[in-house]
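The sequence and structure are shown first, followed by the findings grouped by topic.

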Amino acid sequence: MVRFKNRYVLCEVVSEDPRCRQCIEDRAVGLAVRDAIGRVHGDYGLACCSISFTVKYLNAYTGTVLLRCRKDFYRLLCSALPFVRQLESRNQRYPCALRTLHVGGTIRTCQKFLIQYNRTQLLMLLQNCTNEEERRCIQKSLLSCSLTEEESHSGDEEDGDGIETD
């Protein structure tokens, strides 16, 4: 049996309209990316990328998207992402762009990169604080994005049957 290798592309939805992030769905992102691949690379590129293309993760609050495709064709996917100009959801079109943050071989490497990326973003916000209340909120967020703190709290979040709740 042959194992098919995949690549995971971590993207960020960039939009001036804050409503765009709350209204996006994984289906809308998938359709927009497939449409861009079809426009840029034609039927051949669309067929190559569609073999195992999926939206593995979408966080509408932060605008983070994780896309999966075959290892052989991830360059076709990455080259088509700048051509995504809008997302359509609930019969409304939201102008936006997809910015590639990281390309990894596993979901775990993308998670590690995302933790580090969010930490640097929070540090930049901390430097631009204007008052003490903002500074305390950002420091609290900065401390909460470490793996060691999550592991120490995981014992408190378990139910009686051993299932963690989020």
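Helix α4 spans residues 107-127, 21 residues in total, and extends 31 Å from its first C-alpha to its last, close to the 30 Å expected at 1.5 Å a residue; the expected span is 1.5 Å times one less than the number of residues. Helices (H or I, at least four residues) and strands (E, at least two) are DSSP runs numbered from the N terminus. The model is predicted, so local features need pLDDT of at least 70 and side-chain atom pairs count only at pLDDT 80 or more, while totals for chains, interfaces and linings use all residues. Residues are numbered from 1 along each chain as its sequence is written, and side-chain values use heavy atoms, with hydrogens and water left out.

**Burial and ring pairing in α4**

- The buried residues of α4 are Cys110, Leu114, Tyr117, Leu122 and Leu126; buried means under 20% relative accessible area, exposed over 50%, and partly exposed in between (1.4 Å probe, protein chains only).
- Rings of Phe, Tyr and Trp (its six-membered ring) pair if their centres lie within 6.5 Å, with planes under 30 degrees apart counted as stacked, over 60 as edge-to-face and the rest as tilted.
- The count by this rule is 1 aromatic pair.
- The ring centres of Phe113 and Tyr117 are 6.0 Å apart and their planes lie at 20 degrees, so this pair is stacked.
- Both Phe113 and Tyr117 belong to helix α4, 4 residues apart, about one turn of the helix.
- An α-helix has 3.6 residues a turn, so residues three or four places apart point the same way.
- Tyr117 is buried, at a relative accessible area of 17%, whereas Phe113 is partly exposed, at 27%.

**Strand β1 and its partners**

- Of the 9 residues of β1, 8 are buried, so the strand is largely enclosed by the rest of the structure.
- β1 pairs with strand β3 (residues 64-70) in the antiparallel sense over 7 bridges; two strands pair if DSSP finds at least two bridges between them.
- Arg7 has Cys69 as its bridge partner in β3.
- β1 also pairs with strand β6 (residues 97-104), in the antiparallel sense and over 7 bridges.
- Val13 has Leu98 as its bridge partner in β6.

- Asn6 lies in strand β1 (residues 6-14) and is buried, with a relative accessible area of 16%.
- Apart from neighbours within four places in sequence, Asn6 is in contact (heavy atoms within 4.5 Å) with Ser52, Arg68, Cys69, Arg70, Lys71 and Gly105.
- The charged end of Arg70 sits over the ring of Phe4, 4.0 Å from its centre; the criterion is NZ of Lys or CZ of Arg within 6 Å of the ring centre and within 35 degrees of the ring normal.
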